[in-house]
Amino acid sequence: VLDIQTMIDGQVLQKQAGQIVSIDLNNGVSDTVQTTNATPTTIRTVTTTDAKAYTVRALINGYDNTNEEQFGMCLKFSARRKDAGAGAVLIGITKELLGEDVVSWDANVVVSGSNFDIQVTGEAGKTIEWKTVVSIIENP
């Protein structure tokens, strides 16, 4: 018997005797985009399917190498999609700002038909490299 201690977000996973713990190593998707203006730009689209609920966490980082300015945020949201042809519904959103050098930089999530777009907003005249790692829980 192999006993593996697993940590997620700094928390040790506890399991009961006979309980199976599974870890989905493919659920973190990384994306990048570059902005040069203050227009919201989609960095990741979360595609939905009928009759599902979603909880999504996106860690987002923006960096302007020329001016050595940085932005960090953890964007979390809960959402659902009902029947075929129904649009996506955003239930709740939490934006946890981890640090920023420029207050106008931002990240957000918007409904786009039956999907959700995670967007970043930079600054006019500055080239910002953005990166995100997105984790998605889909149920059922």
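Phe71 is buried, with a relative accessible area of 1%, in what is a predicted model. This residue takes part in one of the three aromatic pairs that a search of the whole structure finds. Its partner is Trp130, and the two rings are arranged edge-to-face, with 5.6 Å from centre to centre and 70 degrees between the planes. Because Phe71 lies in strand E6 and Trp130 in strand E10 (residues 128-139), the pair ties together parts that are 59 residues apart in sequence. Trp130 also counts as buried, since its relative accessibility is 1%. Together with Trp105, Phe71 and Trp130 form one aromatic cluster.

Of its 140 residues, 30% count as buried. Among the contacts in the chain with a separation of 6 or more, 65% are accounted for by residues 24 or more positions apart. The accessible surface of the chain comes to about 8,600 Å², and 49% of this area belongs to carbon and sulfur atoms.

When residues up to four places away in sequence are not counted, Asp31 touches Ile43, Arg44, Trp130, Lys131 and Thr132. Asp31 counts as buried because its relative accessibility is 17%, a value that falls under the 20% limit for buried residues.

Strand E6 (residues 69-81) also holds Arg80, which counts as partly exposed because its relative accessibility is 32%. The C-alpha atoms of Arg80 and Lys52 are separated by 5.8 Å, although the two residues are 28 residues apart along the chain. Lys52 is also among the residues that Arg80 touches, and with residues up to four places away in sequence left out, the others are Ala53, Tyr54, Gly87, Ala88, Val89, Ile91 and Phe116.

On the surface, a nonpolar patch is formed by Leu59, Leu98 and Val133, which together have about 250 Å² of accessible area. Of these residues, Leu98 is found in strand E7 (residues 88-100), and Leu98 is exposed because its relative accessible area is 54%. The exposed Leu98 may be set against Phe71 and Trp130, the two members of the edge-to-face pair, of which Phe71 is buried and Trp130 is likewise buried.

Terms used. Residues are numbered from 1 along each chain as its sequence is written. This is a predicted model: local features need pLDDT of at least 70, side-chain atom pairs count only at pLDDT 80 or more; totals for chains, interfaces and linings use all residues. Side-chain values use heavy atoms; hydrogens and water are left out. Buried means under 20% relative accessible area, exposed over 50%, partly exposed in between (1.4 Å probe, protein chains only). Contact means heavy atoms within 4.5 Å. Accessible areas come from the Shrake-Rupley method with a 1.4 Å probe; for residues, only the protein chains shown count as cover. Helices (H or I, at least four residues) and strands (E, at least two) are DSSP runs, numbered from the N terminus. Patches are made of residues with over 30% relative accessible area and no salt bridge: like charges are joined within 9 Å, nonpolar side chains (Val, Leu, Ile, Met, Phe, Trp, Tyr) within 5 Å. A salt bridge is a side-chain nitrogen of Lys or Arg within 4 Å of a carboxyl oxygen of Asp or Glu. Rings of Phe, Tyr and Trp (its six-membered ring) pair if their centres lie within 6.5 Å; planes under 30 degrees apart count as stacked, over 60 as edge-to-face and the rest as tilted.
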